[in-house]
Amino acid sequence: MRRLVLCFLILPSIAFSQGNTQPDAARIKLKLKKLNVLTSVLYMAAHPDDENTRIITYLSNDYLATTGYLSLTRGDGGQNLIGPEIRDQLGLIRTQELLAARRIDGGQQFFTRANDFGFSKSADETFHIWNKDEVLSDVVKIFRQYQPDVIITRFPPDERAGHGHHTASAILAQEAFDLAASKDIYPEQLKDLAVWQPRRLYTNTGRWWNTSINESTPGVVTLHVGGYSPLLGQSYTEIAGLSRSQHKSQGFGTAGTRGDQPEFLEYVKGAKAEKNIFEGINTTWGRVKGGEKIQPLITRAIQDFNEENPAASVTILLQIRKAIAALEPGIWRTRKLQEVEQLLIDCLGLYIDVTADKYYVAPGQQVVASIELVNRSGIPVTVNRMEAKDIAVDSATSIVLTDNIPVQLRYKRLVQQGEPYSSPYWLNEKHSVGLFTVTDKNLIGKPENDPAVSMIFAITIAGEQLHVTRPLRYKWIDPAKGELTRPFEIVPPVFVNLSSSVVIFHDATPQEVTVTVKSASDARVTGTLQLELPVGWRTEPASIVVELRERGEEQVKTFQVYPSSHEETGVLKAVVSLDGASSFDRSIQTISYDHIPTQTLLPKAEAKVVRLNLKKEGNVIGYIRGAGDEIPSALRYMGYTVVEMKNEDVNAVNLKRVDAVVVGVRALNTNARIGFIMPVLLEYVKNGGTLVMQYNTNEPGLKNFAPYNLELSRDRVTEEDAAVRILKPDHPVVNIPNKITDQDFAGWVQERGLYFPNKWDAAFEAILSMNDKNESPKDGSLLVAKYGNGYYVYTSLSFFRELPEGVAGAYKLFVNLVSLRGQRAAEPAPEQANKKRKNKHT
């Protein structure tokens with residue numbers, strides 16, 4: 001694969017990472033106009049969805065500036081409103097959502113190695129966890145590589161930003177603004193890059209921290225981003241709404257707007273502008289030595305462009321390409337060569353596509369690559385060579401493509417041995433809480449992997465040769481959705497998938513662990529499957545013979561795993577040894593949503609094993625899903641039968657069959673009908689049931705979800721090792737059936753909890769108290785109220801993170817919550833007088 005990357009650097013090329021869409025004549029004309037603009041802007045913030053798509057859309061499509069977005073993180077620490085994926089998998093989804101947004105608004109996308117470890121209350125904490133110097137070096141590298149004239153930050157460098165990551169992003173931008181120009185800073189980068197000094201840095205002021213800003217505010221430059229593009233047939237804010245709405249995992253669907261919309265930029269560093277963000281910057285070809293003769297050529301190409309016959313522009317585009325290629329090497333020569341070559345392909349209506357007969361193949365296995373070539377213009381195009389070293393294609397040819405006559409070719413080839421697997425590069429190695437491990441420094445900044453296999457086509461147009469690159473991809477027809485594609489990937493010959501990422505042992509009793517072994521090989525696969533366990537653990541049998549006769553065949557194998565005699569947490573690994581030689585220990589995970597390309601991960605086949613002395617009461621739990629979590633699986637590992645209840649299932653008859661009901665995270669925010677079933681659930685509690693309500697955010701209209709007054713806030717405890725104080729040591733919830741101590745809060749990940757209530761009726765008992773350093777105690781993380789003969793529990797503890805991570809104390813505490821039904825209240829329910837009590841703010 002790296003050989004192809006070298007070809008990219010040597011020869012100008014055109015890469016399509018997503019699809020093969022032919023732009024219409026209006027978009028071709030917009031690209032022509034952009035060819036005559038030489039300036040760049042880098043927007044910078046902390047997370048996916050922090051970017052202002054209105055500004056990115058406007059600068060890219062009205063000013064026609066090369067515009068990028070640098071997100072320090074991939075959003076791994078957020079919540080997911082569309083599925084159960086969290087942490088690394090969520091970060092992968094949000095990466096692709098950003099790329100989907102950029103395909104709409106015209107921007108480019110960059111990342112650092114910083115990991116979104118969750119909400120942070122200060123930049124100091126953020127820098128400590130990230131390792132500031134490492135992330136700063138990434139920002140400097142991207143500045144030097146991208147060479148922006150203007151930097152725009154989304155946030156100010158102080159507490160007004162509202163999040164430690166936000167504040168950190170502004171601080172890093174200001175420091176990198178100065179450091180990128182110094183030869184003494186990160187000198188190892190200067191082997192491939194040059195120092196760079198941006199012209200100016202501005203902050204895109206937000207209304208939430210400056211409500212009085214306007215066009216007359218000193219130091220402010222105003223962008224009127226709501227303009228209308230006749231070529232695109234939309235206002236820039238309408239396009240921005242579509243771009244913003246790609247952040248579906250965050251629930252950021254946004255309406256487009258029309259009419260004048262101001263955005264305000266406040267001066268921070270560099271040359272101060274009075275009215276225009278590009279003041280004093282030469283945005284013409286005059287900024288490049290020898291470029292003065294190119295500007296009039298492009299101007300003529302724009303004036304003479306024929307919407308009915310874009311191919312008529314090919315002759316002058318070839319002249320422009322030749323003139324650009326003659327320039328000295330530099331960022332604008334590289335950028336504009338790519339742009340003009342893409343314009344040549346667009347004007348010819350040239351369709352080049354390479355598809356595989358399978359969506360993944362192991363090294364040494366065969367793939368059939370089908371090539372489709374169509375020139376939809378009257379200008380002949382000759383294909384001289386096709387090269388894809390990853391699958392051993394290197395073919396000289398002389399295929400003349402004439403107007404609308406398709407040519408189809410097929411190659412049967414073996415994927416070369418030694419090709420790397422197609423797993424996201426930042427997830428190939430284990431990483432720390434704050435920083436991804438990227439061994440190849442050339443990858444830093446890239447949003448995703450290069451295609452697993454690409455084919456380079458050397459073509460000739462009117463005597464001029466250029467190179468077009470296409471990724472190998474898989475294409476199929478869905479009966480409902482039509483033609484669909486997904487990336488082609490290189491994978492191990494065999495996958496080893498464990499049935500769960502966490503296995504809980506309540507006591508010394510052995511449990512079954514199932515392993516699915518699946519072949520990705522066309523040849524027969526035989527080998528031995530084993531489980532590697534911590535010292536003191538064992539399996540029966542010690543190993544199992546595996547034989548898979550054909551590609552796609554899978555077998556499910558079962559081991560009895562005997563845990564240690566004492567409480568502990570360890571790691572179980574599954575490994576297949578083929579023919580007594582090579583060993584494979586990769587599982588396969590697929591993420592598939594309609595708004596992003598299918599994503600494939602190849603993590604190690606590992607599971608956390610937790611040996612507990614866990615007691616439970618009750619047997620059947622009803623579960624009402626919220627925004628997506630894996631707590632039903634965790635409950636099953638606790639030994640419960642879980643009945644997942646839809647809205648229509650929530651009635652008195654069904655509720656009599658369960659010992660407790662758990663409501664999923666953010667169900668009040670995402671389930672439009674939750675208000676209609678809450679009275680039924682509260683009546684269930686009154687009659688002796690237990691209801692455990694997990695965290696929600698405080699959104700307008702949130703009411704009647706508790707039997708007594710309860711108000712949510714934005715309070716949270718982000719330090720996962722923050723001290724936890726048990727306020728009610730005699731309460732059943734910390735005693736029955738499991739004794740809970742402060743030791744049960746060891747090993748928690750990312751945070752203690754979020755969106756705690758801060759006001760509640762005196763009927764609620766606050767069980768726990770906790771706080772981040774230098775903050776006042778927060779007592780709303782776990783509230784329990786007797787209501788009638790049952791219990792209502794509201795908890796903002798992050799069980800949705802802790803249980804999938806196998807945190808032992810979280811399992812004990814959650815069992816106690818759902819076991820509360822066995823401790824029914826002896827006294828009658830508090831009467832209406834209770835509802836008139838004043839709120840108690842603990």
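**Glu765 and Lys728.** I started with this pair in the predicted model and found that the two side chains form a salt bridge, with 3.9 Å from N to O. I then looked up where the partners sit: Glu765 belongs to strand β39 (residues 764-766), while Lys728 is in the loop between β37 (724-726) and β38 (753-760). The pair links distant parts of the chain, 37 residues apart. I noted Glu765 as partly exposed at 27% relative accessibility, and Lys728 as partly exposed at 33%.

**A network.** I also followed salt bridges that share partners, and they join Lys121, Asp772, Glu775 and Lys778 into one network.

**Lys430 and Glu606.** Next I checked this salt bridge between side chains, again listed at 3.9 Å, N to O. Lys430 lies in the loop between β15 (407-414) and β16 (454-461), and Glu606 lies in strand β31 (residues 606-611), 176 residues apart. Lys430 is exposed, with 68% relative accessibility, whereas Glu606 is partly exposed at 26%.

**Glu464 and Arg321.** Buried or exposed: which is Arg321? I kept that in mind while looking up its salt bridge with Glu464, which has an N to O distance of 3.9 Å. Glu464 is in strand β17 (residues 464-478) and Arg321 is in helix α10 (residues 314-325), so their contact ties together parts that are 143 residues apart in sequence. Arg321 turned out to be buried, at 10% relative accessibility, and Glu464 is partly exposed, with a relative accessible area of 25%.

**Tally.** Last, I noted the count for the model, which is 41 salt bridges.

Technical notes. Residues are numbered from 1 along each chain as its sequence is written. This is a predicted model: local features need pLDDT of at least 70, side-chain atom pairs count only at pLDDT 80 or more; totals for chains, interfaces and linings use all residues. Side-chain values use heavy atoms; hydrogens and water are left out. A salt bridge is a side-chain nitrogen of Lys or Arg within 4 Å of a carboxyl oxygen of Asp or Glu. Helices (H or I, at least four residues) and strands (E, at least two) are DSSP runs, numbered from the N terminus. Buried means under 20% relative accessible area, exposed over 50%, partly exposed in between (1.4 Å probe, protein chains only).
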